[in-house]
Protein chains: 4
Amino acid sequence: MAGMHSDRVETFSDGVMAVIITLMAFGVKPPEGHTLDALVKMLPALLIYLLSFTFIGIYWNNHHHLFRATHRINAAVMWANLHLLFWLSLIPIVTSWVGFEDHYKWPVPAAAYGAVGLGAAIAYTLLVKSIIKANGDDSAIARAIGSDVKGRISLAMYAAAIPLAFLSPWISYALYVAVTLMWLVPDRRLADDFIEHED
Amino acid sequence: MAGMHSDRVETFSDGVMAVIITLMAFGVKPPEGHTLDALVKMLPALLIYLLSFTFIGIYWNNHHHLFRATHRINAAVMWANLHLLFWLSLIPIVTSWVGFEDHYKWPVPAAAYGAVGLGAAIAYTLLVKSIIKANGDDSAIARAIGSDVKGRISLAMYAAAIPLAFLSPWISYALYVAVTLMWLVPDRRLADDFIEHED
Amino acid sequence: MAGMHSDRVETFSDGVMAVIITLMAFGVKPPEGHTLDALVKMLPALLIYLLSFTFIGIYWNNHHHLFRATHRINAAVMWANLHLLFWLSLIPIVTSWVGFEDHYKWPVPAAAYGAVGLGAAIAYTLLVKSIIKANGDDSAIARAIGSDVKGRISLAMYAAAIPLAFLSPWISYALYVAVTLMWLVPDRRLADDFIEHED
Amino acid sequence: MAGMHSDRVETFSDGVMAVIITLMAFGVKPPEGHTLDALVKMLPALLIYLLSFTFIGIYWNNHHHLFRATHRINAAVMWANLHLLFWLSLIPIVTSWVGFEDHYKWPVPAAAYGAVGLGAAIAYTLLVKSIIKANGDDSAIARAIGSDVKGRISLAMYAAAIPLAFLSPWISYALYVAVTLMWLVPDRRLADDFIEHED
């Protein structure tokens with residue numbers, strides 16, 4: 001497997017993420033009826049869609065940076081990548097669950113959203129580990145990642161959001177928004193590494 | 001982020017737009033029943049689908065020209081691009097809303113269609129600005145864009161179509177068709193720039 | 001527009017066709033209930049899906065050959081291509097219409113299937129014409145196409161199938177299958193041209 | 001057709017598989033209601049989705065290795081490939097059929113899942129044969145494949161699972177999981193061949 005090209009893995013992942021991000025919009029049911037009321041009732045579904053859209057956008061962005069810094073991949077990396085895509089593919093399902101009628105007011109859908117987020121975060125961590133293992137501890141990617149503080153904080157916040165949803169779903173949503181905002185800033189570690197390499 | 005390649009951003013955007021344009025067709029429900037009447041009842045849904053298909057086609061075309069003329073992208077460009085894709089991803093939802101039963105006769109769906117069009121137009125303007133900022137005021141792209149008359153007219157027409165829908169939805173649809181026809185002619189500014197570069 | 005690359009048009013078209021071919025399967029509703037009877041009831045839907053799958057497969061194949069032989073594209077080609085994709089995007093809708101319950105037994109759905117097929121065939125003819133115009137009458141592509149006998153026969157058969165559906169839908173389906181079988185053999189004209197060019 | 005590039009066939013296949021894998025998630029209906037019970041009821045649908053996701057992942061992986069080792073393709077290969085994609089495109093349908101309500105407890109859906117798996121396995125075998133024929137018995141790919149033991153075992157297991165579903169669907173599911181686990185290990189034959197070629 002030494003000769004496997006990261007290109008096709010990247011292209012396939014991009015394809016899957018492009019479909020996920022678009023399918024999600026399709027899960028947002030158009031308002032029932034032609035009134036402004038019907039449109040307003042749709043607002044929670046739209047907001048959770050916006051959150052999930054940004055969520056997938058962040059993963060796409062980080063995934064892009066990660067693979068740009070990767071020179072070697074093997075079967076373990078490929079399956080770790082598919083594992084991540086599996087969790088991401090569950091995002092449209094929880095999005096459409098939380099966005100349906102008044103589900104967003106209840107703890108279980110809010111907690112389930114966090115569980116999928118946690119699954120994706122763990123899968124991403126495992127993907128990074130498998131890439132470092134395939135490229136060696138001295139590789140550019142290993143040095144670039146260093147200690148993954150932001151990744152650990154995300155994991156902790158998603159893990160906390162699951163039980164806290166039973167106190168109030170709003171705490172969980174606040175945590176999801178916080179994690180998202182934290183990641184909107186692109187990963188400086190890898191970004192810097194690129195500049196070194198290419199200028 | 002200096003080293004980010006516009007290629008993958010372009011490919012991802014293409015993927016998203018390809019899925020949007022196709023999913024939209026899926027939002028067009030097949031006629032109920034096997035009669036000619038059932039087929040005729042579907043006509044408004046088909047026409048609004050044709051409008052939205054052309055709308056996405058125009059954005060794909062302009063996006064293509066814009067990125068062809070772009071040499072440097074950064075994180076701001078990438079998020080401006082995702083922001084545009086977000087608005088485009090709402091097009092299938094409003095299309096299927098307007099196309100459902102007799103919704104096209106009512107002001108709110110017609111206005112919502114304009115709101116999404118306006119959002120996409122603003123997002124495109126921001127994307128152009130972020131690209132110019134990343135490439136410098138003296139760059140080919142900055143010179144090529146010049147004063148974006150066509151973009152400003154579009155913005156004004158979408159903004160006007162929203163309140164006018166409450167007078168009559170037909171005024172709004174007329175405006176949407178007008179904007180679409182105006183853009184069917186490819187953007188000469190960038191097109192000329194290409195010829196210079198490549199011949 | 002002289003500098004427009006056919007690559008991105010091809011990639012976008014491929015993306016759209018890949019989504020169409022897959023979405024169509026999604027339009028095939030799983031059987032209702034868990035019995036063999038339920039599965040058997042689904043058979044017409046499966047057969048019409050198989051026909052449409054092959055139909056899109058043929059277009060993908062011919063499209064691929066056409067663009068391989070194309071050196072120059074312009075705005076007219078691009079819009080002729082989107083026009084073709086528009087008709088192809090209606091295939092899942094008629095497929096799921098014809099495949100629903102006993103719709104296949106009735107003339108209007110069978111005729112509508114032919115109308116979409118006719119639209120796609122006309123769009124393909126226009127696309128070929130626009131490509132020849134962009135490349136000149138002396139271009140390899142113009143010589144390769146020659147007189148498009150197969151294309152003309154397809155047009156005639158789809159045009160005939162529409163009124164004949166009102167005599168019996170089975171005549172129409174027989175014609176659709178015949179056109180499909182005729183095209184399953186890849187287009188020798190362009191294929192030969194490739195061999196010349198590349199060996 | 002001698003000049004046909006395997007690249008575009010690969011890209012198209014990747015696109016189709018990316019859409020299949022994502023659409024499948026869309027076929028998993030979100031829980032009805034906001035309770036934990038509703039979520040638990042969804043578990044069988046999630047498990048069969050996980051199985052099908054892995055199934056498509058394996059085909060994507062093997063397909064990737066197969067085409068990496070392929071130098072020449074022709075029309076027969078292209079249609080053999082589309083034939084494989086046809087069977088894969090039926091996976092979301094059987095997945096959503098088996099995953100609906102308590103369908104997983106009944107023999108016909110379980111057997112149908114096996115029938116589609118068998119169809120895909122046969123289609124893959126035919127694809128391999130057509131590739132070997134196009135490349136010659138002395139080609140790297142022909143030597144690399146050798147006697148396809150794993151492929152034959154899969155065929156036998158799927159063929160056995162269909163009648164055994166009428167004894168108990170659980171035997172069939174056990175066989176599907178067994179085939180999947182067997183393939184999770186990447187195909188050493190082609191992998192070794194790569195190392196030879198590229199290092």
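Biologist: Among contacts in chain A between residues at least 6 apart in sequence, what percentage join residues at least 24 apart? After that, please take me to the place where helix 3 of chain C meets helix 8 of chain C.

Modeller: Happy to! Please keep in mind that this is a predicted model. To take your opening question, 79% of the contacts in chain A between residues at least 6 apart in sequence join residues at least 24 apart. Chain A has 9 helices and 0 strands, and its pattern along the sequence reads α-α-α-α-α-α-α-α-α. Of its 199 residues, 56% count as buried.

Now to the helix pair in chain C. The axes of helix 3 of chain C and helix 8 of chain C, the latter spanning residues 169-184, come within 10 Å and cross at roughly 40°. An angle under 35 degrees would count as roughly parallel, and 65 to 115 as roughly perpendicular. Helix 3 of chain C and helix 8 of chain C are therefore oblique to each other. Their crossing is left-handed.

Which residues do the meeting? From helix 3 of chain C come C:Leu51, C:Thr54, C:Phe55 and C:Ile58. Facing them from helix 8 of chain C are C:Tyr176, C:Val177, C:Thr180, C:Trp183 and C:Leu184. Sorted by class, the residues of this contact are 7 nonpolar and 2 polar, with no charged ones.

D:Val177 has 13 C-beta neighbours inside 10 Å, so it counts as partly exposed. To count as buried, a residue needs 20 or more. The C-alpha atoms of D:Val177 and D:Ile58 are separated by 12 Å, and the two residues are 119 apart along the chain.

The contact of chain C with chain D takes 27 residues from chain C and 27 residues from chain D. On the chain C side, helix 1 (6-27), helix 2 (36-41), helix 3 (43-68) and helix 9 (188-198) each supply at least two residues. Helix 1 of chain C brings the largest share, 8 residues. By class, that side of chain C has 16 nonpolar, 8 polar and 3 charged residues.

Chain D also touches chain A. Here the contact takes 27 residues from chain A and 27 residues from chain D. On the chain A side, the elements giving two or more residues are helix 1 (6-27), helix 4 (75-98) and helix 5 (107-135). Helix 4 of chain A gives the most, with 10 residues. That side of chain A divides into 20 nonpolar, 6 polar and 1 charged residues.

How are the copies related? Two copies of a chain are related by a rotation about an axis and a shift along it.

Finally, compare the surfaces that the copies use. Only 7% of the interface residues of chain C are also interface residues in chain D, so these copies meet through different surfaces. For chain A and chain D the figure is likewise only 7%, so they also meet through different surfaces.

Key:
Residues numbered from 1 in each chain as written. Chains lettered and ligands numbered in written order. Predicted model: local features only at pLDDT ≥ 70, side-chain atom pairs only at ≥ 80, totals over all residues. Contact = placed C-beta atoms within 7 Å. Helix = DSSP H or I, 4+ residues; strand = E, 2+ residues; numbered from the N terminus. Nonpolar A, V, L, I, M, F, W, Y, C, P; charged D, E, K, R; others polar. Axes fitted to C-alpha atoms, helices over the stretch in contact; angles between N-to-C directions. Parallel < 35°, antiparallel > 145°, perpendicular 65-115°, else oblique. Left-handed = near helix turned anticlockwise from the far one by under 90°. Buried ≥ 20, exposed ≤ 12 C-beta atoms within 10 Å, placed from the backbone.
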